[in-house]
Amino acid sequence: METVADTIREITKKHLLESNGLLYGQCVTAVGWIGGTVPELTEKDGIVELPTSDSSNPAIVCGAALMGRRPIYVIRYQGFMCYNAVTLLNYAAKSKTLWNEPCPVFIRSIAMEGSIGPVASNSNHSMIIHHPGMPVIAPMTPLEWTNGWNYFLRHDDPIYCSEHRKSFTIDYEMSNIIHENPVVTIIGISNGRIEAIEATKQLNHKNIKTNLFHQVWLKPFKPSNDLLLSIKSSRITIIVDSGFQTCGISESIAYNLIHMTNSNSIYAFAIADKTAGFSTETDNLTPSSLQIFNFAIERLKK
Amino acid sequence: MYIMDKDVLIKIFTQSVFNREFEFLAAEYNKTGVVRNPIYLSVGTEHISPTIKETFKELNIIKYNIFAQHRCHSIYLTFADKPEKLIYELCGSSLGCNGGYGGSASLSHTKNTNIKMWGHSGLLGDQIPIAVGAAHASNIPVICICGDAAVEEDYALGAFGYAITKKAPILFICEDNGLSVLTETKTRRSWNIFDVTQSMGIQSVDIDDKPQTIASYIKNGINNLPYFINIRCQRHMWHAGHGVDNPPKWNTLSIIAQEIGDISKIITQEQKNIVKNIWKQSLTQLGK
């Protein structure tokens, strides 16, 4: 079966060669071709190497989007969004509302973590979600990425695709785990889902009936009935994310779910409010399965 | 010396008077609150867009995109065909060219024609990289109009570099009034933008704002895009609002009027009446 990287690469290739699409990025044709997600094509085929100018590059891509080229914009580390977000949020996301002119850019923003420093660590999807006008997805499987891409082709919004390097080798799909009368409900986001799967196994192994829901669409956030029912039945709900927790999507979802379910035991559990460094001692990682497990046990004691 | 056909100069003058009279009435109605703040009037630069338009017509360039920023009323009036929609927009009406979202600063002309004016987000100068991206991705000529402060934005500088690297078909017009709000250029920077663009390899010139000069330089350089033209011009009114800071050092519209002779008085009176009627009818339509 194809991995996420294979899926991205093949869809991109088709887009460039058959649909007059474009792919923009910095150093995309360098060693590794962004984890094997970029097809080994040339500028003539539609791969545009951009200069090292994180403030002008996204605007250049917006110009291509206005001209109907449906560009893919690759941002190799989500921390680069600190510069790149400006035009994407202030132009691409607002263009349709302000001027009735769509500016559809598919933003591939790639997260990683683990001794990789203050910029390249973590997901930064929450800062995008805060602003109006741009749907946000965080796919981790081949089908999820494909569904996000198909949504992009069917609509004219710019889309923020919050990818995680750890997804690139994944070649399987992930199903929700649903029991009747659960004690714990876990909602996993991005890389938080990988850790949440293991934590769910451990909790169920301890006879703490735990449900797991994979949240791919972060904005708009539309919880399923199964999820709402699960939360209402559970003693606690935990939202695990690979982005910062403070004012982040995990806290935002928790807030929404508290009002939707009248449950007051919904917790965000995501990345700590601190800067990551380049060593294991200074890492700031997605909560591990053990941390999620312990977090659940502690909350159940209350 | 470049000799401009008198008929062309008269066309430029006619549109310029229309633009200026439109702005004078916008200022009047801004004083009374009918036209909302903030408002960025283009008095002093109203002849630049008509000059570009007529020159492109002469060059038989019929399909192109325009990216501009605030102080763009004259650009809209020159290239779009419904001044009423600008009035509605300035009054905050949903009937406006951008449904009230654009205001004075963020205008676009969305009618599907060969000449299309795209909206501006409000981030000064971000139209420069967007315009460059549009030119490169479409290969359709682009006119990118900006000011002397906008070119200082870091994303503008990156975009100039990209434009020459990719040989994007884009004409940059910098309306250089020497002011950012009221801060003079010499206070803000020690360098000239045309030196910077020139050093990147972009054909660049620094010229006065007479229509003959602008037309002549466009014609001379249009086959070697990207091309950067810095035009020294005057902002007659406040950065934002209907007031006046200082008398302008020169008045190009008056200079053109002298060049075309007595007919200028007739044209001016005609255009005044036309503009007045358009405002009157538009405000009546809005119940104001």
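By class, the lining of the largest cavity splits into 5 nonpolar, 4 polar and 2 charged residues. This is a predicted model, and the structure holds 1 cavity of 30 Å³ or more. About 70 Å³ of space lies inside that largest cavity. Who lines it? The residues are A:Gly25, A:Gln26, A:Leu50, A:Asp54, A:Asn57, A:Tyr73, A:Val74, A:Ile75, A:Arg76, A:Phe80 and A:Asn84. Strand β3 of chain A, residues 72–75, is the top contributor to this lining, with 3 residues.

Follow β3(A) and you get to β4(A): the two run parallel and are joined by 4 bridges. Across that pairing, A:Tyr73 sits opposite A:Ile107 in β4(A). A:Tyr73 is also one of the residues lining the largest cavity. On to strand β6 of chain A, residues 159–164: β4(A) pairs with it in the parallel sense over 6 bridges, and here A:Ile107 stands opposite A:Tyr160 in β6(A).

How well covered is β4(A), then? Strand β4 of chain A (residues 106–111) has 6 of its 6 residues buried, so it is largely enclosed by the rest of the structure. Both of its faces are covered. On one side you have A:Phe106, A:Arg108 and A:Ile110, and on the other A:Ile107, A:Ser109 and A:Ala111, all of them buried.

Chain A also has an open sheet of 4 strands, ordered β8-β7-β10-β11, with parallel pairing. At its edges stand β8 and β11 (266–271) of chain A, each with a single partner strand, so one side of each has no neighbour in the sheet. From one strand to the next, the twist averages 20°.

| Pocket | Volume |
|---|---|
| Largest pocket | about 580 Å³ |
| Second largest pocket | about 270 Å³ |

The largest pocket is lined by 25 residues, and those nearest its centre are B:Asn177, B:Gly178, B:Leu179, B:Gln234 and B:Lys249. Three elements of chain B, α7 (185–188), α8 (193–200) and β8 (227–232), each supply at least two residues of that lining. By class, the lining divides into 9 nonpolar, 8 polar and 8 charged residues.

The second largest pocket has 20 lining residues, with B:Gln69, B:His70, B:Arg71, B:Gly147 and B:Asn177 closest to its centre. The elements giving two or more residues to this lining are β3 (142–147) and β5 (179–180) of chain B, and the largest share, 3 residues, comes from β3(B).

How values were computed: Residues are numbered from 1 along each chain as its sequence is written. Chains are lettered from A and ligands numbered from 1 in the order in which they are written. This is a predicted model: local features need pLDDT of at least 70, side-chain atom pairs count only at pLDDT 80 or more; totals for chains, interfaces and linings use all residues. Side-chain values use heavy atoms; hydrogens and water are left out. On a 1 Å grid over the protein atoms alone, a cavity is a set of points where a 1.4 Å probe fits but cannot get out, and a pocket is an open set with protein on both sides within 12 Å along at least five of seven lines; lining residues have an atom within 4 Å of a point. Grid points are joined across faces, edges and corners, and a volume is the space filled by probe spheres set on the points. Ala, Val, Leu, Ile, Met, Phe, Trp, Tyr, Cys and Pro count as nonpolar, Asp, Glu, Lys and Arg as charged, and the others, Gly among them, as polar. Two strands pair if DSSP finds at least two bridges between them. Axes are lines fitted to C-alpha atoms, for helices over the stretch in contact, and angles run from 0 to 180 degrees between N-to-C directions. Buried means under 20% relative accessible area, exposed over 50%, partly exposed in between (1.4 Å probe, protein chains only).
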